[in-house]
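I opened the notebook to look up the ligand site and the pockets. Here is what I noted, entry by entry.

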Amino acid sequence: MAPVPMTRLNNGVEIPQLGFGVYQVPPEDTADVVATALEVGYRHIDTAEMYRNEKGVGEAIAQAGARSGLDRGEVFVTSKLNNGYHRRDDALRAFDQSLADLGFDHLDLFLIHWPLPGIDVDYVETWKALEEIYASGRCRAIGVSNFNPHHLRRLFAQAEVRPAVNQIEVHPYLAQDDVRAFDADHEIVTEAWSPIAQGKVLDDPVVVRVAERYGRTPAQVVLRWHVQRGDVVFPKSVSRERMQENSALFDFELDGDAMGDISALDRGERTGPDPDTFDWTPR
Ligand code: NAD
């Protein structure tokens, strides 16, 4: 796998621009799937307490260490605070549990998974807990996920630490240029989740035409579009071939026409919940 460019966060920490996402990878398969991703060459894994597979991620990294000398420090690992743990004490405990499940002494990046403005805990309280975690040195960077500019503005008013990233849904059908511009203006790196819209954009005739013009696959031109826009991406696949395909992005470049054609597909279409209306209630 070709070297992946590093993106510098606002605190100087560097994150590989391409990673591997494990949403919907079954817990019992995760160690094997992540082991394959590490063999292919991925050095950035995106997990979450919500995915119930942090243990498998940690196991794969530990086993790669034992088998081939891979150092924990060579892999950038992100996890996320689940929705039920927004109170300060719960957030601190949940972080400890994520670390224990991963088997790590530190995380690279920890995010508030959803802002949940409708619940009775203010996400500013949650952010303060993440600031405590950051200050303890057990997490190299902290950030948010699914935050719109109005959520971030409220956070800025009381935060001491500026979020390093905002992980949001972005793909050709949901370009999110307003949120991305806001993030960039405030030195927040945008991470694009569901970068190929869970496969939905791959049959689009425009994407197929661009792929044919470059002799690449639809997934590769869409992921390359993200890379050239400067976002961090972590496509998910359980197959080694697709992991390889999704990582071969750094030996070609889309021209302005191709970038423009893919960008013009934006139609505000989400595959997941809208952060402003996501009606999460405890189970
Ligand atoms: P994705 O856009 O990465 O699409 C994954 C699906 O596309 C898989 O089911 C796979 O079968 C298919 N696929 C992958 N590569 C392919 C290829 N080359 N050709 C054809 N099909 C291919 O969707 P995702 O998994 O939802 O998102 C990626 C990651 O983003 C997740 O694993 C997770 O880490 C993160 N995420 C975060 C949030 C959040 O709220 N923060 C929400 C969803 C996902």
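**Shell around the ligand.** I sorted the residues of the shell around the ligand by class: 12 are nonpolar, 10 polar and five charged. For the classes, I took Ala, Val, Leu, Ile, Met, Phe, Trp, Tyr, Cys and Pro as nonpolar, Asp, Glu, Lys and Arg as charged, and the others, Gly among them, as polar. The model is predicted, so local features need pLDDT of at least 70 and side-chain atom pairs pLDDT 80 or more, while totals for chains, interfaces and linings use all residues. Residues are numbered from 1 along each chain as its sequence is written, and side-chain values use heavy atoms, with hydrogens and water left out.

I then listed who comes nearest. Of the 27 residues around the ligand, these are D46, S145, S194, Q198 and N246. Near here means a heavy atom within 4 Å of the molecule. Helix α9, residues 240-247, gives the most to this shell, with three residues. Helices are DSSP runs of H or I with at least four residues, numbered from the N terminus.

**Polar contacts.** I looked for pairs of N or O atoms within 3.5 Å. The side chain of Q167 has an N or O atom 2.9 Å from a nitrogen atom of the ligand. A polar backbone atom of I196 is 3.0 Å from a ligand oxygen atom. For A197, a backbone N or O atom lies 3.4 Å from an oxygen atom of the ligand. I also checked burial: the ligand taken alone exposes 840 Å², and the protein buries 88% of that. Areas are Shrake-Rupley values with a 1.4 Å probe.

**Largest pocket.** Where does the ligand sit? It sits in the largest pocket, meaning that more than half of its atoms lie within 2 Å of the pocket's grid points. A pocket is an open set of points on a 1 Å grid over the protein atoms alone, with protein on both sides within 12 Å along at least five of seven lines; lining residues have an atom within 4 Å of a point. The largest pocket holds about 700 Å³ of space, a volume filled by probe spheres set on the points. I counted 34 lining residues, with Y23, Q24, S194, Q198 and K236 nearest the centre. By class, the lining has 15 nonpolar, 15 polar and four charged residues.

**Second largest pocket.** Its volume is about 220 Å³. The lining has 17 residues, and E49, R52, E54, K55 and D101 lie nearest the centre. Helix α3 gives the largest share, five residues. This lining divides into four nonpolar, four polar and nine charged.

Key
A polar contact is a pair of N or O atoms within 3.5 Å; within protein, one must be able to donate a hydrogen and the other to accept it, and residues adjacent in sequence count only if both atoms are side-chain atoms. On a 1 Å grid over the protein atoms alone, a cavity is a set of points where a 1.4 Å probe fits but cannot get out, and a pocket is an open set with protein on both sides within 12 Å along at least five of seven lines; lining residues have an atom within 4 Å of a point. Helices (H or I, at least four residues) and strands (E, at least two) are DSSP runs, numbered from the N terminus.
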